[in-house]
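Work through the exercises below with the model open. Try each task before you read its solution.

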Amino acid sequence: MENRTLRGLGLGLCLIWLFFSFFPLYWVFVTAFKPPLAVSQGATYIPFIDFRPTLQAFRDALSGIRGDFFGPIASSVMISLVATALSVFLGSMAAYALVRFQFRIRLLSGLTFGIISIGGFVLLNGTFDITVPYALLIVLVLALVASIYVNRLPLPGPVLGNNDVTFWFVSQRMFPPIVSAFALFLLYAEVGRAGLPLLDSFLGMVLAYTAFGLPFAVWLMRDFLSTVPVEVEEAAQVDNIGRIRIFFQIVLPMSLPGLLATSMIVLAFIWNEFLFALLLTTGDWQTLPILIAGQNSSRGDEWWAISVAALIAIVPMVIVAAILGRMMRSGLLSGSIK
Amino acid sequence: MQSGAVRHDRVKYAFIWPAFLIVLVISIFPLIYALTVSFQSVRLVPPIPPRFVGLDNYAEILSSGRFWGSTWTTASIVFMSVALQYVFGFVIALALHHNVRGSSLYRVVFLLPMFIAPVCVALIARMVFHPYLGPVNDAMNLFGFVNIPFLTEAPLAIMVLVVIETWQWTPFVTLLMLAGLQGLPGEVFEAARVDDIGPWRRFWDLTFPMLLPLSVAVIFIRLVEGFKIIDTVFVLTGGGPGTATETLTLFAYNEGFKKFNLGMTSALSFVFLIVVIVFGTVYLALAQRLTRRYA
């Protein structure tokens, strides 16, 4: 008896939530087909009954009389596809290394890196007046060489393992993004002054988003790759096939569903990302979220136009969500979400 | 992991270095420069050569009312919305886990909000909560209430932001809690049912404590992610009325890109980083004590 009331309550809540989740999406969808009067004379809900649907808003958007839509769409597509591919690819490689090999990094070596890089930068930039990008580059090389050397020495202190390396990758996500986005903006501006324009450029955005997507890629792919059986690889090793070939010809093909799922998730994050795009682009490489955020002030209450813009950004993500939903139902993702 | 691991395989560096270098160069290294900038007074407009000012930027932030105001705004949005997300997300996950009628349909629709760009969500919310033309106020009128200016009164605007965050991120909680529920050992619950223990007690004595570690992690992720909020606010209210709905990230952005006060923004982002680190440490310490008491 009690069970049945609970079931009823659960169903009721689910139905309410269904309405709550679905209504805003329905609203933006129908509004895109509304003629201006159906917006400005109060809320209308059902096409053909409340108002006569029209494709005018879509025509306006596509013909470009309401500002350039294709530019931001093209840059969003290019930047997010390339950055997703790069971060999933590099992330899988790193994840594979973290699953199959053991890393031992001395805490002291990490400290050396930090001290040399911060101290060295202040010294070079402040005292010797070397410009920021070069100072950073010199310091980076010096600090890396020094810390690799220190890592080889038999020094005391804690030794970090694979989990710590994974945590190092994932912890990038815990930072407030304004910290790295703003720092990156400052750095890109300096690099631009030294001759390589990165602000508002394809390369700059792809680099930023690759770094942005890598923590997810490493974290998710580590779980997917750890389910690939070692035996196959060991058999291949007996046949003297190199690790790199094993990775590309055996491991990657075997974890294709995982690669697909990871790519979808990373793609969704990059496609929707706002803050980096806001800080790092000014015009040529503006992405869709920036265009959409701008609709608000430039369009006022022209909701049909705003809805079309929003729909353009939403539709690809609906497809992504549907693919992921199907994969989830087949139980693929249940193992990876821990 | 162990079998091939002991050998000194140099190839492992080839696998990890590219990813490591990109994160290091793009995410970590700029921080060094930003850190030095945060101790300087750098203005782009009017352009003044950078000048070392020590801790002045930090002192100015800590004594500015706008900083504390935006901290308070961010914290209230985050705490209210995460509480709602957790409760609703968990209950929906329970319902789905017990195969409420039509649960396969819900699974896809419930996922959707998570994948929609926050700027789009905010634009939709602007339409839905419009004082005269939006459906929410239309429904209010239907029931005889007056139109409510949701977006121009600070407390209401904050409530709208909480609703938006809850709308968008409850699916995340549902997804993870559902995965957790599916991983629980079925025998324990069978035994409890045989012993005639009611569903209420079964939940509080078995399900909830067993999922506590997962809950702690899920809430942690949501809190940390929630503190980053800027896009929704940027579109929905622009921080207004006045600065009443300005969040920390938006405040930092405004300092840097409207006032061109780069030193301040750098300092602000580091203060923000420290706030998140302190907060995360405290949260994890408290959560650990809580889990231990239950275990």
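The exercises cover the interface and then the cysteines.

This is a predicted model, where local features need pLDDT of at least 70, side-chain atom pairs count only at pLDDT 80 or more, and totals for chains, interfaces and linings use all residues. Residues are numbered from 1 along each chain as its sequence is written, chains are lettered from A in the order in which they are written, and side-chain values use heavy atoms, without hydrogens and water.

**Exercise 1.** Find how much area chain B and chain A bury between them.

*Solution.* Start with the contact (heavy atoms within 4.5 Å). Chain B supplies 94 residues and chain A supplies 106 residues. Next, take the buried area (accessible area, 1.4 Å probe, that two parts lose on being put together, summed over both). The total is about 9500 Å², with 81% on carbon and sulfur atoms. On the chain B side, Phe15(B), Tyr33(B) and Phe115(B) lose the most area to chain A, together 9% of what that side buries.

**Exercise 2.** Locate the salt bridge between chain B and chain A.

*Solution.* Apply the rule: a side-chain nitrogen of Lys or Arg within 4 Å of a carboxyl oxygen of Asp or Glu. The count is 1. Glu225(B) pairs with Arg173(A), and their closest N and O atoms are 3.0 Å apart.

**Exercise 3.** Count the disulfides over all chains.

*Solution.* Look for cysteine sulfur pairs within 2.5 Å. The whole structure has 0 disulfides. Now check burial (buried is under 20% relative accessible area, exposed over 50%, partly exposed in between; 1.4 Å probe, protein chains only). Cys14(A) counts as buried because its relative accessibility is 0%. Cys120(B) is buried, with a relative accessible area of 0%.
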